[in-house]
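This report is meant to be read beside the sequence and the coordinates. Please keep both open while going through the sections below.

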Amino acid sequence: MDRDYDVIVVGAGGAGLAAAHMAAQAGARVLMVEAGDKAGGSTALSGGVFYAAGTSLQRRAGIEDTPEALYRYYLHINQYKLDPALVRRLCHDATPAFDWLVGLGVDFPEENLYCSGVDKIRRGHRARGHGAEIAEVLEGSLSGLAVDMALRSRVQELLVEDGRVAGILVEGDRVTAGAVVLATGGFGANRQLLAELYPTAAAQGELSWYIGSPHSQGDGIRIGRRLGAGITRPDRGLLLMTPGWEKELETYLPPWLIHVTHEGRRFVDESCEYSILSELLNEQTARECFAIFDEAARREARSATAPNWSADRLAHFAARGQVAQADTLEGLAAQLGIDAATLATTVAAANRAAETGRDAHFFKPAEHLKPISTPPFYGARIRPAIVCWTGTGLRIDTEARVLDQADRPIAGLYAAGETTGGMFGPCYAGGGASIGNAIVFGRVAGSNAAAEARP
């Protein structure tokens, strides 16, 4: 047929690279269009964790696990508030997708296999070179395939002919194809879309910031909606808790802290997964809490995963007034707006737990129990404001076909990765779920786009 390419992939992150590889392997001539100056997207900036069950690496480590067990976990932890069909395909296809990445050359060491969710099963497969390695291997796998890449190019529109998507308008030029895959990432770098589609994140104002690619402007959502594409449930994504001292990524807060509400009560085992902590804050007054600790804990503080919570940095933030401090718990409560009497009860219980080695309320492991008895006392306001990824996007089916507002496939249009929605509910299943989603549905979209585009 008289067209420029068989398949056009918009976006060169993990989902786009996987889609381009599969389409080209199927014999399609592929064009990748990327707004940034290099491939990789948010995948390249990530920790490089792939979430999957029943993998060859798990078996080598002696772990008995299945994709079906992972699927059930996904549903239960999210109270079924997601698309079961998409989640089931994600869970079952993640296993061969992981082996595919290994076959391409991504190194997942056994020592990097860890419990990245609250399921307490080692399903988080971290690449040795993190997300950069996954992106580099995927890009390298395109060598020798019929794939062209246009960088620093932003797509304005989708072309439609005879009722089907037939190409793109990019930088004023028309480029035709038999099918298009939208893999432009999320919209975390777009304040306007955050306000519309992720209001919980936008509510944090200037405190909120996005850890992904600055090119994640929601282009796929923008151009898809102009064709009548459906959008999944809003207010989905992952927020990390932060005191907002510096715009530095610290996934975990130190587990020796205690977190209390405005009412002065603890509400969680502070060592639990970040995916749980941020969601629990939505149930608290003003969607915030306060991290409480004392001078002894500050002096001993040092953390490789949370460098801002080291002894000298905490002293620095306290001197700048970013951490409240007082010689008494009553004085600290007054500064933070916490109920003083309840805070005193809470701290007394925390001190008994530290003394006995048993947290009778939330059962935090004994090694994370510290007394709060040495003045001055400190408190930091904690809010869910770091946007890891956005989970609202184009509605797709299990074949990665973009659906219109009546749930009908839009001919010639596919999507994958953070551009789409439906796979995630109110609670993040575990570290690596977003990369798993990108690779799994990138592969599906690329294969199906090539099949549809072939004359």
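This is a predicted model: local features need pLDDT of at least 70, side-chain atom pairs count only at pLDDT 80 or more; totals for chains, interfaces and linings use all residues.

## Nonpolar cores

The largest nonpolar core has 97 residues, and those with the most contacts inside it are V7, I8, V30, F50, Y74, I168 and F441. Helix 15, which covers residues 433–453, contributes the largest share of this core, namely eleven residues. Apart from this core lies another one, of 24 residues, which includes W245, W256, L257 and L277. In soluble globular proteins, nonpolar side chains tend to be buried together.

Strand 12 (237–242) and helix 10 (274–281) are the elements that give two or more residues to the lining, and the largest share, five residues, comes from helix 10. Sorted by class, the lining of the second largest pocket has eleven nonpolar, eight polar and six charged residues.

## Salt bridges

The structure holds 28 salt bridges. In one of them the side chains of R3 and D6 meet, with an N to O distance of 3.2 Å. Both partners lie under the 20% cut-off for burial, because R3 has a relative accessible area of 14% and D6 one of 10%.

A second salt bridge joins the side chains of D65 and R123 at 2.7 Å, N to O. This pair links distant parts of the chain, 58 residues apart, with D65 in the loop between helix 3 (56–60) and helix 4 (67–77) and R123 in the loop between strand 4 (113–114) and strand 5 (124–126). D65 counts as buried at 13% relative accessibility, and R123 counts as buried at 1%.

D219 forms a salt bridge with R154, and the closest N and O atoms are 2.3 Å apart. Because D219 lies in helix 9 (residues 219–225) and R154 in the loop between strand 6 (147–150) and strand 7 (155–161), the pair ties together parts that are 65 residues apart in sequence. Here D219 is buried, at 9% relative accessibility, whereas R154 is partly exposed, with a relative accessible area of 26%. Elsewhere, salt bridges that share partners join R266, E270, D359 and K364 into one network.

Conventions. Residues are numbered from 1 along each chain as its sequence is written. Side-chain values use heavy atoms; hydrogens and water are left out. A nonpolar core is a set of buried Ala, Val, Leu, Ile, Met, Phe, Trp, Tyr and Cys residues joined through side-chain atoms within 4.5 Å. Buried means under 20% relative accessible area, exposed over 50%, partly exposed in between (1.4 Å probe, protein chains only). Helices (H or I, at least four residues) and strands (E, at least two) are DSSP runs, numbered from the N terminus. Ala, Val, Leu, Ile, Met, Phe, Trp, Tyr, Cys and Pro count as nonpolar, Asp, Glu, Lys and Arg as charged, and the others, Gly among them, as polar. A salt bridge is a side-chain nitrogen of Lys or Arg within 4 Å of a carboxyl oxygen of Asp or Glu.
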